[in-house]
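The sequence and the structure come first.

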Amino acid sequence: MFTITVNDRVVTSDRNMKLIDFLRDVLRLTGTKNGCSSGACGSCTVIVDGRTARACILSLDKLNGKKITTIEGLSDREKEVYAWAFAEAGAVQCGFCIPGFVMSAKCLLASSPDPDGAEIASALRGNICRCTGYVKIIGAVRLAAMMFRENTPIPSHNFTGRLGEHFHRVDAPEKTLGSGLYVDDRTVPGMLYASALRTPYPRARVLRIYPGLALVHPDCEAVFTAADVPGNNKIGHLAHISDWDVMIHEGDVTRYVGDAVALVVSRSKESLDKIKSLVRVDYEVLEPMTSPAMSLAPDAPKLHERGNILSREHLRRGDAEGALEKSAHVVETHFSVPFTEHAFMEPECAIAMPEGDGLLMWTAGQGIYDEQRECARMLGIDPEMIHVQGHPAGGGFGGKEDMSVQHHAALAAWLLKKPVKVLLSRDESIRIHPKRHAMEMDFTVGCDDNGILTGMKAVIVSDTGAYASLGGPVLQRACTHAAGPYNYQNIDIEGTAVYTNNPPAGAFRGFGVSQSAFAMESSLNLLAQKAGISPWEIRYRNAIRPGGILPNGQIADDSAALRECLEKVRGVYEKAATAGVASFFKNSGLGVGLPDTSRCIISVEGGKARIRTSAACMGQGVATVTTQMVCEITGLSPCDVIAEPPDTRRTPNAGTTTASRQTPFTGESTRRAAVMLKEELARAGSLSALEGREFYAEYLGETDPMGCGKEFPKSHIAYGYAATVAELDDEGRVTRVTAAYDMGTVINPKAAEGQIEGGIAMGFGYALTEDYPLDGCVPTAKYGTLGLFRAPDVPEINIHFVRGPGELDIACGAKGVGELATIPTAPAVAGAYFARDGKLRTKLPMDDTFYSRGDRPRSPAPR
Ligand code: FES
Ligand code: FES
C-alpha cells in the first residue's frame with residue numbers, strides 16, 4: 001500500500017505505478033499532461049515536497065509519505081493570476097505544455113519572487129514548448145510574479161474583440177489551468193484500449209501472423225489483422241493516392257518500421273504491451289531501400305505498384321540556360337537537408353465508439369472531414385455514418401494531417417461495437433507519423449554585374465519515405481518557391497519525390513519551402529559576394545513589388561510588401577557586427593487550381609452568435625480569429641459570440657488546417673456570414689430577435705492549375721512575405737533575431753507575434769540542432785535527443801509587422817503566417833555564419849557552429 005498526499009488530500013494505492021498514471025487514470029487529475037513518458041519534455045511537471053518533479057518518471061513506491069501538488073492544487077488566487085497572465089502575455093497556443101510551465105513557475109516564484117528573464121528561462125529549461133518560442137511564456141511568468149508581489153487584482157476584461165486588439169485567446173484559461181480536455185484526457189464507460197503491433201523491419205515479407213497466445217490473455221478483447229478490414233485496406237490523405245496500408249496483409253511486404261501488422265485490443269491499458277508481445281509474426285527480412293539513390297537504381301525492388309517515384313515536377317519559364325550563360329556571375333551549389341520531426345507536444349490519440357448505426361469519433365487531427373472520409377472508406381460505409389468531433393490538438397505543424405490513430409480506433413470500435421481508445425506512445429509517434437522531407441538540392445543561380453538576378457536552375461530530389469502522404473504537393477511547393485520572391489523570369493526547376501523504406505515524409509510547417517528557401521537564400525549570399533554587394537542589397541534590388549512578376553508567372557498583388565520587410569530590418573542588419581539576412585515568401589491556401597473552399601455558419605442560439613466551422617485549431621487560435629472577425633463586422637461584444645469546436649454534425653467543412661489557409665479562408669467565410677448577420681441585426685434590432693436564424697457562407701479560393709498555359713497564372717490567392725536578420729556574438733551564438741512580416745491585416749498582434757516567435761524557434765532548431773537520424777531506415781532519436789530548442793537557448797526576438805500599399809480583398813486583408821514564421825530563419829542564421837567565417841554551410845543542421853560542439857544543453861544566451 002502506498003500513501004501520498006495529492007493537493008492536500010491523502011490518497012492510497014495498493015498497486016505500484018507511475019505517478020502520472022495514478023494522477024491521470026486513478027485520480028482523474030488530467031491537468032498533468034503526458035508528452036513523452038520519459039522525463040524529457042516537462043509537460044507532466046508537478047511539485048513534490050516543494051520541488052519540481054516529472055510525474056512520468058516517478059513511481060509511487062518512491063513517493064510514500066510525500067506531498068504532491070498538481071495544477072489542480074493551485075489556490076484560487078494562483079489560478080486566477082496564472083490564467084490572466086498567460087492570456088495577457090499571449091503565452092498560450094496549443095496549450096499542452098502550459099500546465100507544466102505553470103508548475104515550474106510556481107516553484108521558481110516560491111524562492112525568487114522577482115526573477116529576471118534569464119532566471120526564468122533557466123528555471124523553465126526542463127519544459128519544452130514547441131509552439132511559442134518561450135518569449136511569451138517568460139513574459140507571462142514575469143507578469144504573474146509582479147501580480148503576486150504587488151497583490152494586483154485581476155484586471156477586468158473590457159474587450160471589443162475588434163481586429164488589431166490584443167483580445168485574449170478564448171481558450172487560454174482552460175489550457176493554462178489544464179482543465180481543457182485533449183482526447184487522452186477523456187474516457188468512456190466500458191472503453192477498451194487498442195494498439196498496433198508494428199514490424200521491426202523496414203522491409204520484410206509478413207509470412208504468418210499468430211495471434212493465438214495473445215487471444216488467451218485474460219485482458220485480450222480481440223486481435224485484428226488486415227483480413228478484418230471490411231472496406232479498403234489502403235488509406236491516404238490525398239484520396240487519389242491512397243497507398244498506405246491500414247495493416248499489412250500476410251504475404252505482403254512492409255515498407256517502414258511504422259507499418260501495423262496486427263491491432264491488439266485490451267480491456268486494460270496496462271496489459272496492452274504484454275498482449276502485443278504475445279502476437280508472433282514470421283517475417284522474411286528483405287534489404288531496405290535507405291535512400292532515393294538506392295530506390296532509383298535500375299535493379300531496385302518496386303516499393304509500390306506504381307514504382308519508386310511518387311511524383312515529378314518540372315517548372316520552366318523563360319530560358320534559364322541561356323540566361324545563366326549570359327550572366328556575369330553564376331553560383332552552383334549542392335545542398336542537403338535532413339528529415340526532421342514535428343515533436344508536437346501531444347502524442348496522437350483518438351477514441352471511437354458506437355453511435356446509432358455508425359460511429360462517434362473524438363479526434364485531434366487537422367481536418368475532421370478528412371478523418372471522416374478516410375475512416376469511412378476503410379470501413380466501406382457512408383461517411384455520414386461517422387460523426388467526428390474535433391478536440392484541441394496539442395500541436396500539429398502538419399504532422400497530424402495523416403491518419404495515425406483514428407483509423408485503428410474506428411476499426412476496432414466498428415468491429416467490436418464498443419468504445420476504443422488508441423494512444424501512441426512518444427516513441428511510436430516519433431516512428432510513425434510523416435516527417436519533414438529530407439532533400440538533396442542542386443541550385444545554379446546567376447545575376448548580372450549589378451546583382452540583378454537573371455536565371456536559375458534547380459534539381460530537387462526528396463526522400464518521401466514509405467508512403468505518399470503529402471509528398472507530391474510538398475515537392476511541388478518546394479519547386480514553385482525555389483526561385484524565391486524575386487522579380488526575374490528564367491527558371492528551370494526539376495523535382496522528383498522518391499519512395500524509400502524510411503518513415504514517410506509529408507506536411508511540416510513550410511511544406512517543402514523551408515528546404516528550397518535554405519538553398520536559394522544561401523545561393524544569394526554567394527552571388528552577392530561575387531557581385532560585390534551586400535546580402536541585404538542583392539535581396540532588395542531583386543525583391544518583388546506589387547505588379548511585378550514572380551518567377552512562377554504570378555503577378556504580385558498590391559498587398560505584397562517584401563521591400564517594406566527588407567527596409568524594416570535594414571538598420572539592424574547594417575549596424576550588426578555579424579549578421580545574416582534572408583527574405584522569403586509562402587503561399588496561403590492550396591492553390592494551383594485545386595478545389596479549396598471554407599464554409600461557415602453563424603447561428604443564433606440561446607441569445608448568442610455561434611460560429612460554426614470545422615477549422616481545426618492546432619494551437620494557432622482559429623477560434624480567436626473567427627471571433628474577432630465576427631466582432632469586427634457585426635459590432636457584437638465577444639461575450640455574445642461563441643466559436644464552436646469542429647463537429648461533422650454541426651460545423652460545415654472548412655477544409656484542412658494546412659497551407660497557412662485557415663485565417664484567410666475560414667476568416668473570409670466567417671466574414672461573409674458575419675456580413676449577413678450584421679444586415680439582419682440592423683433590421684431586427686437585437687440578437688435575441690434573430691433566435692434560431694442561421695447565416696451560411698463559403699469562400700472558394702480560385703486559382704489556376706500548374707501548366708494551364710496562361711502567361712500570368714494565379715497560382716495562389718495570396719503570398720505572405722518576410723525578411724529576417726540573425727545576429728551572432730563573438731562566440732557564434734545567435735543573440736538576436738529581427739524579423740519583419742507581411743501578413744496583411746494582423747488580427748491579433750500578440751497571438752501573431754507568438755506564432756512567429758514559435759516559428760523562429762523552430763527555425764533555429766532546423767538550422768542548428770534538430771535531426772532525425774536513421775540507422776538502416778530505423779529512427780534512433782528519442783524525444784530528448786531531437787535537438788529541440790529550450791527556453792534559455794532562444795535569443796532576443798523582435799517582430800515587426802509591415803503592410804503593402806494595398807490590401808487583399810478577403811478576410812479583411814489577412815494572410816496566413818503559420819508556415820512563413822519558420823521559413824527564413826535557417827537561411828538567415830546560415831547567412832550569419834557565412835558572414836562570420838566565409839564558410840557557406842550547405843547542410844542542415846549546420847556544422848561547425850556554437851551549437852554543434854556537442855555541448856547541449858547550450859549556454860543561456862543573454863536576454
Ligand atoms: S511527460 Fe514527463 S517529462 Fe515528458
Ligand atoms: S503551447 Fe507549448 S507546446 Fe503548444
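## Lys276 and Glu428

Lys276 is buried, at a relative accessible area of 13%, where buried stands for under 20%, exposed for over 50% and partly exposed for values in between (1.4 Å probe, protein chains only). Glu428 is likewise buried, with a relative accessible area of 13%. Between Glu428 and Lys276 there is a salt bridge, with 3.7 Å separating the closest N and O atoms; the term requires a side-chain nitrogen of Lys or Arg within 4 Å of a carboxyl oxygen of Asp or Glu. Distant parts of the chain are linked by this pair: Glu428 belongs to helix α13 (residues 426-432) and Lys276 to helix α8 (residues 272-278), 152 residues apart. Helices (H or I, at least four residues) and strands (E, at least two) are DSSP runs, numbered from the N terminus.

## Basis of the model

The model is predicted; local features need pLDDT of at least 70 and side-chain atom pairs pLDDT 80 or more, while totals for chains, interfaces and linings use all residues. Residues are numbered from 1 along each chain as its sequence is written, chains are lettered from A and ligands numbered from 1 in the order in which they are written, and side-chain values use heavy atoms, leaving out hydrogens and water.

## Other salt bridges

The whole structure contains 58 salt bridges. One of them joins Arg24 to Asp185 at 2.7 Å, N to O. Arg24 lies in helix α1 (residues 19-26) and Asp185 in the loop between α6 (172-176) and β6 (192-198), 161 residues apart. Both residues, Arg24 and Asp185, are buried.

Asp848 and Lys839 also form a salt bridge, their closest N and O atoms lying 3.4 Å apart. Here Asp848 is partly exposed at 44% relative accessible area, and Lys839 is partly exposed at 37%.
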